[in-house]
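Here is a friendly walk through a structure, in questions and answers.

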Amino acid sequence: MPLSLCRRARHLAAMHAPTPPRHDVGFREFVALIAALMAMTALQIDTMLPALPAIGHSLHVANPNDRQWVISAFMFGFGAAQIVHGPLSDRFGRRPVLLISLAFGVICNLTAAVAATFPLLLAARVAAGVATASSRVLATSIVRDRFVGNAMARVMSLVTIVFMVVPIAAPNLGQLILWIAPWRWIFYVLTAAGLLTFLWSAIRLPETLDPANRLPLSVRRIGEGFRFVLMDRLALGYTIGSTALQGGLFGFLLSVQQIFESEFHAVNLFAPVFSAMAATMAAAAFLNSRIVMRFGARAVSHRAVIGYTVFATLHLALALAGLETVLTFAVLQALMMSCFGLAGANFGAIAMEHMGRLAGTASSVQGLIQTIGGISIGAAIGAAFNGSTVPLYTGFTLSGLAAIAAVAFAERGKLFGRS
């Protein structure tokens, strides 16, 4: 082909190529977009909590504990799919994998909205978890593409501040929808939120993975990612620690609506009290963003996980003594969630310190372990619900002790280091 024709062909191709997203996304918008991606997980869970009795009644679920599967099914799909999204994004880039997953999530929530049976609803929830997993994995990977160490911990803390507005507002949003419409409209709202996030990402989010760092897609590399995480003492210890803490938190999410319904007989207080407790986690995440660069992720998170365990043990003692009230529940749970807010982002950042070019795969492996392990622990705690808070705070206490042991393993017994 003559040179002039080649140039003309390239010119025409460039004219008709899709317009790429802008690459001048500012720091604040970057944090807000990453927060929106991560908030999709909390939105999918917390809006459901007030609706569990209505869903169970509408779809003829006999055992009240079985209603918890609306949450658990989503989390199992969410956890299992993380091992797929990371390697795919390492091969094809963060952006295409994210956009396809967000679009799939819209379809899943529409399916849940029209589900006529409980099994179909659960199937849609598993699929929605699979789709939403990309938001969690790729959000972490995108941040890791641009930041590392304490700087990454700071960004993740800022992200946590923004997306923690969702757990604060979501139960109230779910309750508001139930006041004016059937529970199915919660899924229509989730569909709209997913569509808006898709459009924002499609228009504004650039590709953050350097083409030179793209890796071939292979089962061997996924196995290498597992080996890399499991053989790295730091990554393994902090991943196990995060798994234990999340296990307690999932147990709380699965049990809390029934606690207000069965033990406190105060269903109307559930949404505002839950929001107030979630607000303390957001406040702790904001505090972490201000102090982590000064004191270091280790010093902050190690003290936080010890505080978490102390408060859990105190709460268990009160529950065993029959002294549990709505006030003691709210105050001590808020203190525990504050500690979780100080530990969570820092644990994740430390676990990723040595991951480098395997950031996507490593994030997937860690997410798989944390979510499947955490929801398995949480499901066991939720299934043990007996009308009191004793099973929940037994689980919290054990998870805190396990997290301390895991961190001590990772740091070879040297806790409270600065970096």
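Q: Which residues touch the most other members of the largest nonpolar core?
A: This is a predicted model, and in it I55, L121, F252 and F329 touch the most other members of that core, which has 89 residues. Helix 14 (residues 326–351) supplies the largest share, 13 residues. There is also a second, separate core of 31 residues, with L98, V143, M152 and M352 among them.

Q: What is F252 in contact with, apart from its neighbours within four places in sequence?
A: F252 is in contact with F274, M277, F329, Q333, M337, L392 and F396.

Q: Why is V300 called buried?
A: Buried means under 20% relative accessible area. V300 has 9% relative accessibility, so V300 counts as buried. This residue is found in helix 13 (residues 297–320). Leaving aside neighbours within four places in sequence, V300 is in contact with N288, I291, F295, L342 and N346.

Q: Why does W179 count as exposed?
A: The cut-off for exposed is over 50%. W179 stands at 66% relative accessibility, and therefore counts as exposed. W179 lies in helix 8.

Q: What makes up the nonpolar patch on the surface, and which helix gives the most to the patch?
A: The patch is formed by L173, L176, W179, I180 and V189, which together have about 520 Å² of accessible area. Helix 8 (residues 165–180) gives the most, with four residues.

Q: How do you know that D46 has no salt bridge?
A: A salt bridge needs a side-chain nitrogen of Lys or Arg within 4 Å of a carboxyl oxygen of Asp or Glu. For D46, the nearest side chain of opposite charge is R125, and R125 is 8.9 Å away. D46 lies in helix 2 (residues 27–46). Beyond neighbours within four places in sequence, D46 is in contact with P167, A170, P171, L253 and F274.

Q: Why is H265 called exposed, and where does H265 lie?
A: The relative accessible area of H265 is 65%, so H265 is exposed. H265 lies in the loop between helix 11 (233–263) and helix 12 (267–295). Phi of H265 is near 50°, a positive value in a residue other than glycine.

Definitions and conventions:
Residues are numbered from 1 along each chain as its sequence is written. This is a predicted model: local features need pLDDT of at least 70, side-chain atom pairs count only at pLDDT 80 or more; totals for chains, interfaces and linings use all residues. Side-chain values use heavy atoms; hydrogens and water are left out. Helices (H or I, at least four residues) and strands (E, at least two) are DSSP runs, numbered from the N terminus. Buried means under 20% relative accessible area, exposed over 50%, partly exposed in between (1.4 Å probe, protein chains only). Lys and Arg count as positive and Asp and Glu as negative; His and the chain ends are not counted. Contact means heavy atoms within 4.5 Å. Patches are made of residues with over 30% relative accessible area and no salt bridge: like charges are joined within 9 Å, nonpolar side chains (Val, Leu, Ile, Met, Phe, Trp, Tyr) within 5 Å. Accessible areas come from the Shrake-Rupley method with a 1.4 Å probe; for residues, only the protein chains shown count as cover. A nonpolar core is a set of buried Ala, Val, Leu, Ile, Met, Phe, Trp, Tyr and Cys residues joined through side-chain atoms within 4.5 Å.
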